Amino acid sequence: MTETPVSEDTDLSTVVGLLDDEHARSILVATSEEPLSATELSERCDVSVSSIYRRLDRLAEADLLDEQTRPRRDGHHETVYVSLLDRFELTIEDGTLEWTVEGTETDVADELTRLWGNF
């Protein structure tokens, strides 16, 4: 786990707003276990695909979610999503408010190993 800052354009209210959304939290939890497509997320989270895509876009803009490509046996590929959020911490101490987001950086070697294992 490495600490990765969220986008410079992302502020605390954006992150808290995303984490306040039940479906966005469900997406982050589900994609922390394994990469999932929008259709798989729709089924797992019991939300329409269009609602999933709206949340995926917002989570990706805030650097809390990564988009990857998963090859399929039929020669095509599909887009899957992986949570980048490992930890969110808000600290209020001595008159100051600080917040950090710790995330996972995608390791190309790990991804290749995972992909090779799927074949």
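This is a predicted model: local features need pLDDT of at least 70, side-chain atom pairs count only at pLDDT 80 or more; totals for chains, interfaces and linings use all residues.

Next I looked back into α3 itself, residues 38–45. Which of its residues are buried? I noted Ala38, Leu41, Ser42 and Cys45. Viewed down the axis of α3, these buried residues fall within an arc of 105°, so they line one face of the helix. I then checked what covers them, and found α2, α4 and β3 (77–83) among the elements that do.

Two of those covering elements got their own entry. I looked up how α2 (residues 22–33) and α4 (residues 49–61) pack: the angle is about 75°, and the axes are 10 Å apart. Angles of 65 to 115 degrees count as roughly perpendicular, so α2 is roughly perpendicular to α4. On the α2 side I listed His23, Ala24, Ile27 and Leu28, and on the α4 side Ile52, Arg55, Leu56 and Leu59. By type, the residues of this contact come to 6 nonpolar, 1 polar and 1 charged.

My last stop was arginine 70, which sits in strand β2 (residues 65–71). Is arginine 70 buried or exposed? Its relative accessibility is 15%, and buried means under 20%, so I put arginine 70 down as buried. Its side chain makes a polar contact of 2.9 Å with the side chain of glutamate 40. Setting aside neighbours within four places in sequence, I found arginine 70 in contact with Pro35, Ser37, Glu40, His76, His77, Glu78 and Val80.

Conventions. Residues are numbered from 1 along each chain as its sequence is written. Side-chain values use heavy atoms; hydrogens and water are left out. Axes are lines fitted to C-alpha atoms, for helices over the stretch in contact, and angles run from 0 to 180 degrees between N-to-C directions. Helices (H or I, at least four residues) and strands (E, at least two) are DSSP runs, numbered from the N terminus. Angles under 35 degrees count as roughly parallel, over 145 as roughly antiparallel, 65 to 115 as roughly perpendicular and the rest as oblique. Contact means heavy atoms within 4.5 Å. Ala, Val, Leu, Ile, Met, Phe, Trp, Tyr, Cys and Pro count as nonpolar, Asp, Glu, Lys and Arg as charged, and the others, Gly among them, as polar. Buried means under 20% relative accessible area, exposed over 50%, partly exposed in between (1.4 Å probe, protein chains only). The arc is that of the directions from the helix axis to the C-beta atoms. A polar contact is a pair of N or O atoms within 3.5 Å; within protein, one must be able to donate a hydrogen and the other to accept it, and residues adjacent in sequence count only if both atoms are side-chain atoms.
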